[in-house]
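Hi,

Here is the structure we talked about. Have a look, then read my notes on its packing below.

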Amino acid sequence: MKRASILCIAIAALSAPAVAQHAQDAERVFEVQSGLVTVNDGTFNYQGFLEVDGQAANGMYSFRFEAFDDPNGFDIAHELYFTSELVQVVDGLFDLDVQMGGTPSEARRFWREIGNQEMYFEIGVSEVEGGPYTTLGTLSKLGWSARAQYAGIAESLRFPYIETYTNPDGTPITMISLTSFFGGTVLEMNAVRDTEEPNLVLHGPSTYGIDFGTDNGAMRVDTDEPVGITSFARDFAIAGFLFDETTSNGAAVIAQVRSPAGPGNSALYAYNWHNNNDVFLATDDHAAVFGGDVFAEGNLRVSGEPVRDFAADAPSPIGPIAYGFVSSNGATSGATANMSSVWDAPNERYVISVDNENITLGPYTSVVTVVDSFEPRVATTNTVLGNLIVRIWDLNSGNIAVQDNFQVVIYKANPNAFLRSGAPGGVDADKYYEQTGSSPVLGGVTTEPEPSPQVKELTERE
């Protein structure tokens, strides 16, 4: 087999304007704007002189390049290597572009990962593309011109910046780190044209990592300032929605109030400037505290018992536990589903039951109204065995018990179902009713409400 050697090697230049003076590069297109190389496929130009059996080579040859950490070729610097097509060698002289890995993305990865290291190329030569290659005995040291790839790829941003990075070890590392030692804005993104795409997109098959924890996440904000993220939008860009049919424990927003917490702490805070209403989600003692009217469209459903504070920590239900219309035969209509009624003929009375309620005098209050516009009749109530007893009396017939239509409303005051006052600034923000006191705002600042016209009139009279 012929013995090949490269007597003179020159690692000359990047695929950048620096090589424009070479005649063989005349047809190359280079794009430079504001000092940044906007087109960079990770190649560098390699020129040399090839001898075969002591004579200057002529013909077509393929070259193989592999990077090592040392001139003796003991430690491979990177797993990527390059194999060229057959290139023309004339009187020993040859010129080729080397692209480690064979593609632009792999070449850029090569320079980004080890481009700042000293390295040596082991070069093989063959008359057949793909080899086998005869490895030259002396490794060629990488020159500074080619190593400028590291600065051109790893230390600059080219726009539009589209990059795929593969870490062969699979260990988490920092992809982009922006640090400002002088304060001010570290990263700002502005869209100057209308677009359906967001300014910043974070996505991937597992943005939270394999094991979800407090240190995982698509984005993490770690700051000592009072506000971690400030967001302003015309429409709904601030809100986030999570939808996944495969899981039942997902959340669009995860927020936690640390323990022990004070009255001013909340996981989420929202303020309606127009109506001067606010809401604290996840406070020290409650899932939510509302500083204003709670307006629910459709059917209101509360898990628990909504109550109203008529005084400090003295709540009562905001509505009855049961109500309905009872006809003279004891049948109910227009009634809550938990209420039932029967006519007890032997005792001339109506027996009304409420599911899961043991009605007794004191804890329960009932209002019964006879529906009769012709006879002066009244209703009296009592309780027996957890049921409400209703009797109707005919005043014109000597106060005898009779059958007639009536309406009934039953209330239950529960002193154990109370809301603790705990809005910022000590303001009583127990809502599910109209707020009549101060309305808490961000940071615990409160404002006194404007007195109603009735209150003003009474004050003036006094």
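A term first: a nonpolar core is a set of buried Ala, Val, Leu, Ile, Met, Phe, Trp, Tyr and Cys residues joined through side-chain atoms within 4.5 Å. Bear in mind that this is a predicted model.

The largest such core has 28 residues. Leu-50, Phe-63, Phe-65, Leu-96 and Phe-121 have the most contacts inside it. Several elements give two or more residues to this core, among them strand 4 (44–52), strand 6 (59–68), strand 9 (93–98), helix 1 (104–114) and strand 10 (120–126).

Now the rings. The whole structure holds 12 aromatic pairs. Tyr-46 and Phe-94 are stacked, because their ring centres are 6.2 Å apart and their planes are at 20 degrees. Tyr-46 is in strand 4 and Phe-94 in strand 9, 48 residues apart, so this pair links distant parts of the chain. Both are buried: Tyr-46 has a relative accessible area of 0%, and Phe-94 has 4%.

Phe-65 and Phe-121 make an edge-to-face pair, with ring centres 6.0 Å apart and planes at 80 degrees. Phe-65 lies in strand 6 and Phe-121 in strand 10, so the pair ties together parts 56 residues apart in sequence. Phe-65 and Phe-121 are buried.

Ring pairs also build a cluster, which includes Phe-44, Phe-82, Phe-110 and Trp-111.

Best wishes

Conventions: Residues numbered from 1 in each chain as written. Predicted model: local features only at pLDDT ≥ 70, side-chain atom pairs only at ≥ 80, totals over all residues. Heavy atoms only, no water. Buried < 20%, exposed > 50% of the residue type's maximum accessible area, 1.4 Å probe, protein only. Helix = DSSP H or I, 4+ residues; strand = E, 2+ residues; numbered from the N terminus. Phe/Tyr/Trp six-rings, centres within 6.5 Å; stacked < 30°, edge-to-face > 60°.
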